[in-house]
Each structure stands twice: as structure tokens, then as C-alpha cells.
Amino acid sequence: MIAIGAVTAGGAPLSGPISFGDVALSLVLVAVAVVVSRWQRVGLEKDMAVATFRSFAQLVAVGYILDYIFKGHGALTIVAVAVMVGTASLTSAGRARRVPGSKLVAAAAISVATAGTLGVLAALRIVPVSARAIIPLGSMIITAAMNTTSLVMTRLHDDLAASRREVEARLSLAQSSRQAALPWLRASLRSGMIPTIDQTKVVGLVALPGAMTGMILAGASPILAIRLQLVVMYMLLGGNAFAALIAGQLTVRRLFTPSHQLIKSLRRTPG
Amino acid sequence: MTVRFEFRDVRVDGDDGPIVKGFFAVVPAEGLTAIVGPSGAGKTTLLRLLNRLDDPDEGVVLFEGRDVRDYDVLELRRRVQSVGQVPVTFPGTVRDNVGADTPALLERVGLNPALASREADRLSVGEAQRMALARSLALRPDVLALDEPTSALDTSSKGGIERLIRELADSGLTVVMVTHDPRQAELADQVVEVRPLPRPEPGIDDR
């Protein structure tokens with residue numbers, strides 16, 4: 001089992017906890033960005049201010065909430081994960097608004113991907129069933145599943161809309177909606193899963209990913225950090241496959257009627 | 001006269017109001033029936049009701065006396081084959097498209113059986129349209145519903161397809177063909193005319 005949040009090791013980790021004063025000092029870098037935006041007349045100063053303020057408020061709140069949960073209120077883990085899944089589902093559904101019932105599709109895909117992946121990790125005793133493990137790992141799966149779900153839903157909708165002549169030719173040959181949609185379903189699953197696969201291929205060569213960097217900054221040995229990172233990558237591969245599969249299957253159902261017709265918004269309006 | 005299809009008081013709505021409204025017509029089982037009318041009158045829409053790519057918003061379409069919606073839709077579509085204006089080829093060879101009986105079917109639609117191993121997307125438009133007909137005939141349908149089957153073809157391949165359609169109708173299939181070409185309508189045994197609905201703004205459905 002990976003020990004989460006233990007360990008110190010050699011090298012020079014951060015020289016102590018970061019204070020809110022330190023955070024304030026790092027605003028210097030935001031100021032640089034604002035100056036650049038003004039100077040180049042990019043017009044993003046307001047956005048930057050909003051982003052800076054939001055990130056501060058959101059993370060401070062989350063920090064205190066997590067601290068509260070970790071200090072003996074572990075039962076709230078489920079609530080925290082549910083809130084994350086809900087927010088991710090709404091975000092993903094908003095991207096794919098043209099898919100009828102996109103909220104339900106996204107909620108199903110993201111929650112099953114999350115529950116399934118975390119369930120496997122816990123059942124195999126790879127990570128402990130504790131708030132400190134479940135919440136951060138859950139957030140990683142949920143984020144990845146959210147992106148995959150958005151991608152699969154929008155890709156499938158847009159591809160079927162663009163290929164409706166071919167789709168209807170297949171339906172006319174007495175194929176079921178599932179058979180008729182299969183080439184585009186496959187393409188959407190590929191597009192949903194490929195980014196994670198590529199990320200997994202180049203991990204460490206191009207980018208040192210978040211979990212690993214976090215552990216190293218916190219003073220853990222890189223050997224321990226990579227183990228966590230490997231689990232994270234494999235978990236994301238699995239989680240994304242779950243999410244893509246469910247999002248794809250459910251989206252196909254939403255884009256056809258029970259009588260194996262394209263839904264009205266996807267049919268051409270002929271003369 | 002045996003009746004194959006009957007339209008009873010059919011209305012189909014588009015995005016900007018009805019495309020067809022109060023439409024009655026009968027398609028006999030024998031021979032070639034042409035559905036004619038100016039573009040935008042809803043001819044294609046009516047054809048799509050026959051194999052339920054669309055359903056009417058009001059009224060019924062009867063197939064052999066029963067509402068098309070009472071049939072298993074996949075069985076209905078097997079029996080009522082539709083071929084569109086622009087032939088659709090699926091990836092792979094002609095044989096992959098048409099199936100087991102390819103050589104015989106190619107012969108029936110006037111194509112050289114040697115084309116069976118050709119990549120389908122390398123056929124000319126005229127050949128592809130014949131292949132699409134062969135692919136439909138492979139399902140042994142009772143009805144062929146053709147939407148402007150020669151509109152994508154040049155004049156020389158047009159005549160050949162028209163003769164083929166006539167032959168298929170004479171071989172006992174019910175053939176329903178949408179056309180805006182009055183000359184082509186003369187090939188038909190009966191003609192169903194679709195009149196355009198009066199529209200507040202002309203051309204609003206041209207898309």
C-alpha cells in the first residue's frame with residue numbers, strides 16, 4: 001500500500017510551511033502579468049483579477065474544508081466527492097448542451113468512472129480508504145473523466161450531425177441505431193481516450209505530473225513519488241476508459257429515437 | 001389495384017411551420033409511381049415517411065393497410081428500401097457494401113461483376129448509384145423508394161439509371177420515385193403531385 005502523506009527524504013525540500021505572507025508576495029507575479037496585459041493592450045486585466053480572487057477564495061475554502069474533514073470528519077468524504085462529481089457533470093453537460101439529457105449522461109459517466117476506479121484501488125488495497133487518499137485521487141479522476149465525457153459527447157453529436165446522410169443510409173438498410181452509429185461511436189471513444197494514453201506515454205519525459213511534483217516538493221523521495229504517480233496514471237487510464245465507454249453508449253441512445261431514427265435536431269430538413 | 005401505401009391527412013412540421021399539410025395520396029403496389037412537385041414542396045419529406053426516417057406530426061401513413069408505426073421498424077425498413085440523391089458508399093470494396101450475392105446483384109443493376117473487388121469510393125457517381133441499388137436489392141425488398149435518383153448524374157448515365165428503374169418496376173417491385181423533372185415523371189405508371197404550401201416568406205426552407 002502506498003503511504004500517503006508520510007515520508008521525508010534527502011535533498012532540500014521547501015524550507016518550511018508557506019505563510020499567507022508568502023502567498024501575498026507571490027502576487028508580484030500576477031502584477032507582472034497585469035503589466036504585460038496593460039502594456040500590450042491585451043485587455044485581460046479584469047479577467048486576471050477575477051481569476052486571482054476566485055482562486056484565492058476557492059482554495060482557501062477548500063483548504064479549510066479538507067482540514068476539517070481530515071481531522072476526524074472522514075464521513076464527509078462522500079459528500080465532498082459527490083459535490084465534485086456534481087460540479088464536473090454540470091460543467092461537462094454545459095459543453096455538450098446539444099445532446100438531449102446531457103446532464104444525466106455526464107453524471108452517469110463521471111460517477112461510474114469515479115466509483116469504479118476508486119473502488120478497484122480500494123478493493124485491491126492499493127490505497128487506504130481514508131479521506132486523505134480518496135479526495136485527492138477522486139478529484140484527479142473526476143477532472144479527467146469530465147474532460148473525456150465532454151469530448152465524447154460533443155464529438156459524437158457533431159460527427160453524427162456531419163455524417164447524417166451516411167448514418168441514415170445505414171438506418172435505411174435496416175441497421176439498428178447502435179449499428180448505424182458504430183463507426184462514429186468508435187471514433188469518439190478514441191478521441192476521448194487518446195489524450196490520456198499520450199500523456200501516460202510521455203510522463204516524466206515532457207512533464208513531471210502534479211502528484212509527483214507535489215510529493216517531491218513536500219520532501220518525499222522521488223522513488224516513492226513515482227510509485228504514487230504510476231498508480232495515478234494507471235488509475236486515470238482506467239477511469240477515462242470507463243467514462244468514455246459510458247458517455248459514448250448513453251449519448252448514442254440520446255441521439256436516436258426508440259424507432260431507430262436520428263433525433264429531430266439531427267435530421268436534415270428536406271425540401 | 002392493390003394499394004401499397006396510403007397517406008391520410010398527413011402533416012409534417014419543419015422548423016418554420018408545416019412542410020406538408022393535409023396530404024392524401026395512394027401508391028399502388030404495381031409499377032412505378034412518381035412523386036412530383038417543385039423543390040421545397042416536401043417530396044423528400046413524404047418519401048422519408050415510407051421507411052420511417054421521419055414520422056408525420058399528424059395523420060397516418062399506411063403500408064399494406066396498417067400504420068407504418070405498427071410494424072417493427074427494422075423489418076419495415078428491410079422491406080421498404082430507400083436510396084438517396086447522392087449515393088453513399090461505405091468503406092471497403094463493392095463486395096463489402098453489397099454482401100454475399102454481389103456478382104449476381106451487380107449484373108442485375110447493369111454493373112460488371114468484376115467490380116466486386118473494387119474499392120467502393122473509387123466508383124464513378126453513376127456506378128455508385130447502381131451499387132447502392134444493388135445493396136438495397138440484396139435485402140430482397142418489396143418497395144424501392146428513390147429520392148431524385150439521377151440528380152447527381154450526368155446526362156449519359158441518367159438514361160441508363162432510368163431504364164434500370166423501369167426494369168425494376170416491371171420485375172414486380174413497387175418503385176416510388178421523387179423527381180422534379182416532368183420528363184422523368186413520364187416514365188411512371190402513376191404520378192402523385194405535391195403542391196407547395198403558401199409561405200409567408202419565400203425560400204425560408206432552402207437549406
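Buried residues (under 20% relative accessible area with a 1.4 Å probe, counting protein chains only) make up 52% of the 207 residues in chain B. This is a predicted model, in which local features need pLDDT of at least 70, side-chain atom pairs count only at pLDDT 80 or more, and totals for chains, interfaces and linings use all residues. Residues are numbered from 1 along each chain as its sequence is written, chains are lettered from A and ligands numbered from 1 in the order in which they are written, and side-chain values use heavy atoms, leaving out hydrogens and water.

## Overall shape

The C-alpha trace of chain B spans about 50 × 35 × 30 Å along its principal axes. Contacts here are heavy atoms within 4.5 Å. Of those between residues at least 6 apart in sequence, 69% join residues at least 24 apart.

## A look at strand 7

Chain B has seven helices and nine strands, which are DSSP runs (H or I, at least four residues, for helices; E, at least two, for strands) numbered from the N terminus. Strand 7 covers residues 143–147, and five of its five residues are buried. B:V143, B:A145 and B:D147 point one way from this strand, while B:L144 and B:L146 point the other way.

What does strand 7 pair with, where pairing takes at least two DSSP bridges between two strands? Strand 6 (residues 80–83) runs parallel to strand 7, joined by four bridges, with B:Q81 opposite B:L144. Strand 8 (residues 174–179) also pairs with strand 7 in the parallel sense, over five bridges, and there B:V176 is the bridge partner of B:A145.

Note on methods:
Buried < 20%, exposed > 50% of the residue type's maximum accessible area, 1.4 Å probe, protein only. Pairing = 2+ DSSP bridges.
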